[in-house]
Amino acid sequence: MPLPIEDYAVVGDTGTAALIGRDGSVDWMCLPRFDSPACFAALLGDESHGRWLLGPAGEFRCERRYVGHSSVLETTYTTDTGRVLVVDAMPINDGRADLVRQVQGVEGTVTMRHEWRVRFDYGRIRPWVHRSELFGAEVINAVAGPDRLILRGSRLPHATDHVHTDEFEVSAGDELFFSTTWVASHHDLPRPLEISGRLTHTQEATEEWADRCEYHGPYREAVLRSLLTLRLLTHGGTGGIVAAPTTSLPEDFGGERNWDYRFCWLRDAALTLEAFLACGYREEARLWRDWLLRAVAGDPADLQVMYQVDGARDLTERELDHLPGYEGSRPVRIGNGAVRQRQTDVLGEVMAALHHARMLGLEESDDSWALQRALVDELAEHWDEPDHGLWEVRGPTRHFTHSRVMVWVAFDRAVRAVEENGLPGEVDRWRDLRDKVHAEVLAQGYDGERGTFTQAYDTAALDAALLVIPAVGFLDGDDPRVLGTIRAVEEDLVEHGLLLRYRTETGVDGLGGDEHPFLACSFWLVSAYALAGRVDDARALMDRLLEIPNDVGLLPEEYDPVSGRFAGNFPQAFSHLALVSAAIKLERAAG
Ligand SMILES: OC[C@H]1O[C@H](O[C@H]2O[C@H](CO)[C@@H](O)[C@H](O)[C@H]2O)[C@H](O)[C@@H](O)[C@@H]1O
């Protein structure tokens, strides 16, 4: 059975990622790309859906860490008889797709269990498996349709009943290496890796990247782990940024709130870019801007809220009936039906990020500004239509206040591009629209009697997304209407000190079941406190939130403060980018 979500760590090669449990089992891996079908899918079922286990055969205690500021994972297993170290990584910058595992005996002797059970297509397909000689060494091949996995190692497991297993003793000083490599089944078989050299390169290259971080405040360790996680979720080849490497980890255990996040949301990616820029990473802005230009190229009316990693547009949602789901949470979905939604906030987030990049020196190319103008002009025709909002509700469309605030942001940044950067554009029209939207939000999205903004124009309900109003510059952080909204949100949406995004009881999202506090929203409250001058409250909440990451510093989408369990897809970019933003706002406010 899969472990609690918080018991997983992630490794990745900026093409894809794998989730490895504290027991040493790789329970989730999609090869060669984040959104490829999984070849190890035990996470959404059990071991019969594929996994790669390398861990102690009996009882153990375990301690894990990433080596320095890298994504090389080091797990120390202690048993009654000895201690072993397992190092896991996916080497980067070599255009290959390998997961490598190094086992070192540290003390005494430990019996290790090895199990390699490949099931392609999300646990559905049992491959044809055979041993062969490759570059002078024996390997195990698993082939089905387009995919081939090759297991290499210091000692190979034996076939028994559609699974390869082995048990062996590791004594102090012993060192063993294993690797699983994906290759398209019609391609030549790849050479073996020089594993320890690749591990060293992967660690050093990542640490050099981390060293460039310009945030030196009190939360540096958490900020660095968040940035490293965001980098791991950025596809090195294309510049697309996925929201998380998993699908269908439930927001509601046993419920239907299970979604595929292995795609590039313009919203999440734009906010990720803001986090990178705020910490001094400018090159990432260019990479993502170029991805954006390719992804949205075409008729601005066809803008989608999310794309595949390479910018492809078909994200048709399907249910995988053969998978039982994480703790029985069904359906398991691949693809994401929200792709067809109208989410009017998205252009606001994109324009804000590109404005930020421009102010930091990223020059517009002819195409990049022309494209932004075209998108803003398209928004000018449709900004006042109801939408599904940033939470991608599956209920009816509404006039969501947050969406309108972000419409204001889109026009505001377009106006500023003309006024501050001298770019050409319909500035008078955009300025008029900006002012019109501002007035409309204050008239219809603000409840003067209660002194709070509301979730939508036709409701008294609240929404944590309203907390971004000061961060985007719509009103000042100490404006009475902002202060009133913070108070109302505290009264209505805080549960056990953390923030729900909205009340599901209102039925706004059109889904059954409930959910847990949404971590990004709790970080937004830190930011709102900081901008309101409530620095002590901001610090107290930040400290509370920084108790939540697991032992290797990773965050899920949601957190159950009662059971202490992680919920939703993992690790999630939204949570980590909001952590970075909150740390920076808090540092600025604290002076
Ligand atoms: O809870 C309902 C929705 O959940 C997902 O959307 C959430 O994740 C997105 C990616 O991180 C984020 O951009 C969005 O703001 C979140 O609400 C899911 O992708 C949707 O299909 C689903 O309706």
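Trainee: Which residues does Ala-18 touch, leaving aside those up to four places away in sequence?
Mentor: In this predicted model, Ala-18 touches Val-11, Val-26, Trp-28, Met-29, Met-90 and Leu-99.

Trainee: And what element is Ala-18 in?
Mentor: Ala-18 belongs to strand β2, which covers residues 17-21.

Trainee: Is Ala-18 buried or exposed?
Mentor: Ala-18 is buried, because 27 other C-beta atoms lie within 10 Å, and the cut-off for burial is 20 or more.

Trainee: How far is Ala-18 from Leu-193?
Mentor: Their C-alpha atoms are separated by 19 Å, and the two residues are 175 residues apart along the chain.

Trainee: Changing topic: what surrounds the ligand?
Mentor: The ligand is surrounded by 14 residues, of which the closest are Ala-243, Trp-259, Ala-338, Trp-391 and Glu-392.

Trainee: What does UniProt place at residues 217-583?
Mentor: The unreviewed UniProt entry gives "domain: GH15-like" for residues 217-583. In the model, that span is 44% helix and 6% strand, and its end C-alpha atoms lie 8 Å apart.

Trainee: Next, helix α13. What span should its 18 residues have?
Mentor: Helix α13, residues 573-590, should span 26 Å at 1.5 Å a residue. The end C-alpha atoms of α13 are 26 Å apart, so the model agrees with that expectation.

Trainee: How many residues of α13 are buried?
Mentor: Of the 18 residues in α13, 14 are buried, so the helix is mostly covered.

Trainee: What comes just after α13?
Mentor: Gly-591 follows, with a positive phi of about 70°.

Trainee: Now the whole chain. How many helices and strands are there?
Mentor: The protein chain contains 13 helices and 25 strands.

Trainee: What radius of gyration would a compact globule with 591 residues have?
Mentor: A compact globule with 591 residues would have a radius of gyration near 25 Å; the protein chain has 24 Å, which agrees. Along its principal axes, the C-alpha trace spans about 70 × 50 × 45 Å.

Trainee: What share of the residues is buried?
Mentor: Buried residues account for 53% of the 591 residues in the protein chain.

Trainee: And what about contacts between residues 24 or more positions apart?
Mentor: Such pairs make up 67% of the contacts in the protein chain that have a separation of 6 or more.

Terms used
Residues are numbered from 1 along each chain as its sequence is written. This is a predicted model: local features need pLDDT of at least 70, side-chain atom pairs count only at pLDDT 80 or more; totals for chains, interfaces and linings use all residues. UniProt positions are given in the numbering used here, feature names are shortened, and annotations may be inferred rather than shown by experiment. Helices (H or I, at least four residues) and strands (E, at least two) are DSSP runs, numbered from the N terminus. A residue is near a molecule or strand if its C-beta atom, placed from the backbone, lies within 6 Å of it. A residue is buried if 20 or more other C-beta atoms lie within 10 Å of its own, exposed if 12 or fewer, and partly exposed in between; C-beta atoms are placed from the backbone. Two residues are in contact if their C-beta atoms, placed from the backbone, lie within 7 Å. The expected span of a helix is 1.5 Å times one less than its number of residues. The radius of gyration is taken over C-alpha atoms; the globule rule is 2.2 Å times the number of residues to the power 0.38.
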